[in-house]
Structure formats: C-alpha cells, structure tokens
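Q: I would like to go through this model with you before setting up any calculations. Could we take it topic by topic?

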Amino acid sequence: MSNFKAMTCTIVSLLFLFCLNITIPCCLAYNVVSFGARADGRTDSTSAFLRAWSAACRSTSQPNVYIPRGTFLVRTLNLNGPCKRRIEFRIDGTLVAPVNYNAIGHSEFWIMFYKVSGLNVYGGTINARGHGYWSCRNGGKSCPQGARSIQFMWCNNVLLKGLTSLDSQRVHVGIGYSSNVRVENVKITAPSGSPNTDGIHVQNSRGITIKGSIIKTGDDCISIGPGSMNMWIEQIGCGPGHGISVGSLGSSNNEEGVTNITVTNSVFTKTQNGVRVKSWARPSGGYARNLMFSNLIMRNVGYPILIDQNYCPDNNCPRQSSGVKVSQVTYKNVKGTSSTQQAIKFDCSKSNPCTGIQLLDIKLTHNDRLRRSAVSYCRNARGRRGGTVIPRSCF
C-alpha cells in the first residue's frame, strides 16, 4: 500500500508540473545569443562564443552550447578542455569566417576543440569563405599558411554528426592525437580546383569511424596520415577530389606507421584516384599494413587502384628509394570504369617492395573512345589474385 501511495504521489506531482508548464531539463543550454552573439552575419561574435563555451565547460550539469538559426561571424575559436561533463555543441545556424582570409589564415585552425573528452558536435553549416585564400595561393603570392575549418586535437569520445562544411581554406575536418571519434552524415564541399582542401584528414589517431558522408573537394576526400590505426570508413560518396589516400607517408625518418584501415561500400565519381597509398621516395621507418578496400564503385576515376611510392606532387622530388614498407593490402570487389589505361598501378619501392597484395574479384574497364583495354602495372610488387580480375593481374 505504501508503494502505491508513493507512485500516486509522484504521478500527481508530475501532472502538477505539467499543468504549470514547468519542464525538467535534460541538459543546461548555453545559447550564444545570451552571451552577446548577433545573428546578422556582420557582427564579430567570437567573444560571445568563447564566453558561452567557457561557461558550459565549467558546468556540472549536462551542458549544451547552442547556436540558433541565423548567420554568425566568428574569427578563430579555441574551444579548450578538459570540461566537467560531456558537452554538446549544437549548430542550427551558420558560422562564417571573415571575408579577409588573413583574419583566420595565420591561425592554422578556424574552430579547434582541444583536449575535450566527451563531445557531441551536431549539424548546421560552417563556411570558411576560402575563395580569396585560394586565389592568393593560385596566384603565387605570399600567403598565410591557411586554416583548417574544424580540428579535434587530443580529444576522446567524440561524435561529429550532420555538419556541412563549405569552402575551407585548407583541410575541412582534421583529427589529430585523438581516439574514439565518429564522423557521420557530414557534407563537405569545395571546388575541384581549390588547393589542399582535403575533406577529412586523420593523423596520430585510433578508433576513428567515418560513414554516410558526401565529400566534394579539391584534394583527398579522406587522407590518412602517419600514426593512424583502427579506422573504419564506409558509405562515402567521393568526388570530385583526389580519392581516399593512405599518406602521404615517409616525410621523416622517425614516423609512425598506419595499420588496420578499412574502406568499404563507397562510390568514387570522376576523382583523380580511387583508393591510393602514397609515400615519398626517401628513407623512412614508416609502414602501411593491414589495409582493406572492398565493395567499391569507380565511375570514370583516374587511377582506381594505386600504390605510389614515388609520390612527388610539386616536381621537387627526393629521387631516392622509399623506406615505407607497404604490406598486407587487399582489394576486393572493386568495379567500374577508369579514365586512364592503367586501372591498377603498383609503383612500389625498390628497397622495400610491396608484399602481400591481394586482388580479389576486380572488374575495371577503361572508359576510352579508342576502345583500348585497361591494363595493370606492377613494379617491385608481390601478391596474388583470386576470382575474376579485370584487367589481367600483373602478379
């Protein structure tokens, strides 16, 4: 009877609160407008954003930094942790950078989350307005280093979901020295001619998942740098761009390796490359191993399958032999069309040949008006084939 009375009392209390229109919040919202931000696209709201973040980060309740509808102009945002509780950063509006590219171009990052453990970043749009910066770069002028649009450094247990990133000066989304990061349903867009505008760049991080995203940009859709391990990439629409790349590797002698990377169930459209491993032709202790590329569709892609250990994009080539060891790389069920005759190209290191390469159920044809057949090319590469492999394997 006492339990029944307690339950009845609880129900009556909740009904009383409902009738008074009183809600019990699940989290504490820190609206940037309440801290002085203006949604007019002209007023500098940087300080207001930083004040809202600082207050939320100190909160012992479940904090939520909220950016409502409207356009907010912000300069460099350093959103530092650690914070008291898991924190949510929700964007319902649009963040824009100043038109003058120098305002963020000297900062390396536009929006940076630093040493935050437990973070959800949701949707909305960030627009770095990178056109002026690209013009500077393409014109051969003296330009600042350029800023990544959003960067996660030394962060753990992160979810980035539903974000749209437009016209970054350089990399759109960067992940460094972080673990357990999920990137879902993002949309990244920059013109095909925009320099070094990688969609997502990961380095020195582990436990990274990227899925269900559309990336159209001027460089790699996704680039995987040294020190990356245990990555899962799926359901990516890539193109235009340079494809999905492991590397570039071999920039230094003392370099962390890359291992346990899976790219699956994705489509590449008119990209410069499909799935690529690239390393500089110089001594290095680096490696790339246990890579799986499966269930991929290539639509008029330059080099659908590529290992390039003589990578040299600016013709200032070291012209040595790559020390990066590439091994245990599997390509399975890769189909579609190549815009170059060499649909499969393995240009490996003379001093460290590629080993353990597998080609399983490959069908790549050359999209050529002259009806020339696609071919495969191997140098210093060892492996095996299984099932139907088109073009004919060079192993």
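Q: To start, in which strand is Ser 248 found?
A: This is a predicted model. Ser 248 is found in strand β19.

Q: What kind of peptide bond joins Gly 247 and Ser 248, cis or trans?
A: The bond between Gly 247 and Ser 248 is cis, with omega at about 15°. Most peptide bonds are trans. A further cis bond runs from Gly 81 to Pro 82, with omega near 0°. Pro 82 belongs to the loop between β5 (77–80) and β6 (87–91).

Q: Let us turn to the largest pocket. How much space lies in it?
A: The largest pocket holds about 720 Å³ of space.

Q: Which residues lie nearest its centre?
A: Of the 28 residues that line the largest pocket, Arg 170, Asn 196, Asp 198, Ser 248 and Tyr 311 lie nearest its centre.

Q: And how does the lining divide into nonpolar, polar and charged residues?
A: The lining of the largest pocket has six nonpolar, twelve polar and ten charged residues.

Q: Which strands supply at least two residues of that lining?
A: Strands β15 (200–203), β19 (244–249) and β21 (273–279) each supply at least two residues.

Q: Staying with Tyr 311, is it buried or exposed?
A: Tyr 311 has a relative accessible area of 15%, and because buried means under 20%, it counts as buried. Tyr 311 lies in the loop between β23 (303–308) and β24 (325–338).

Q: What is Tyr 311 in contact with, leaving aside neighbours within four places in sequence?
A: Tyr 311 is in contact with Ser 248, Arg 276, Lys 278, Ser 279 and Trp 280.

Q: New topic: the largest nonpolar core. How many residues has it, and which have the most contacts inside it?
A: The largest nonpolar core has 90 residues, and those with the most contacts inside it are Trp 53, Phe 113, Phe 152, Ile 200 and Tyr 331. Helix α2 (residues 46–58) gives the largest share of this core, seven residues.

Q: Which residues of helix α4 are buried?
A: In α4 (residues 131–138) the buried residues are Tyr 133, Trp 134 and Cys 136.

Q: Why do they line one face of the helix?
A: Viewed down the axis of α4, the buried residues fall within an arc of 155°, so they line one face of the helix. Gly 140 follows α4 and has a positive phi, near 70°.

Q: Which residue has a positive phi of about 50° although it is not a glycine?
A: That residue is Asn 265, with a positive phi of about 50°. Asn 265 lies in strand β20 (residues 258–269) and is partly exposed, with a relative accessible area of 38%. Asn 300 is not a glycine either, and has a positive phi of about 55°. Asn 300 lies in strand β22 (residues 287–301), where its relative accessible area of 25% makes it partly exposed.

Q: Finally, the whole chain: how many helices and strands are there?
A: The chain has four helices and 28 strands. Of its 395 residues, 51% count as buried, and the C-alpha trace spans about 75 × 65 × 45 Å along its principal axes.

Methods: Residues are numbered from 1 along each chain as its sequence is written. This is a predicted model: local features need pLDDT of at least 70, side-chain atom pairs count only at pLDDT 80 or more; totals for chains, interfaces and linings use all residues. Side-chain values use heavy atoms; hydrogens and water are left out. On a 1 Å grid over the protein atoms alone, a cavity is a set of points where a 1.4 Å probe fits but cannot get out, and a pocket is an open set with protein on both sides within 12 Å along at least five of seven lines; lining residues have an atom within 4 Å of a point. Grid points are joined across faces, edges and corners, and a volume is the space filled by probe spheres set on the points. Ala, Val, Leu, Ile, Met, Phe, Trp, Tyr, Cys and Pro count as nonpolar, Asp, Glu, Lys and Arg as charged, and the others, Gly among them, as polar. A nonpolar core is a set of buried Ala, Val, Leu, Ile, Met, Phe, Trp, Tyr and Cys residues joined through side-chain atoms within 4.5 Å. Buried means under 20% relative accessible area, exposed over 50%, partly exposed in between (1.4 Å probe, protein chains only). The arc is that of the directions from the helix axis to the C-beta atoms. Contact means heavy atoms within 4.5 Å.
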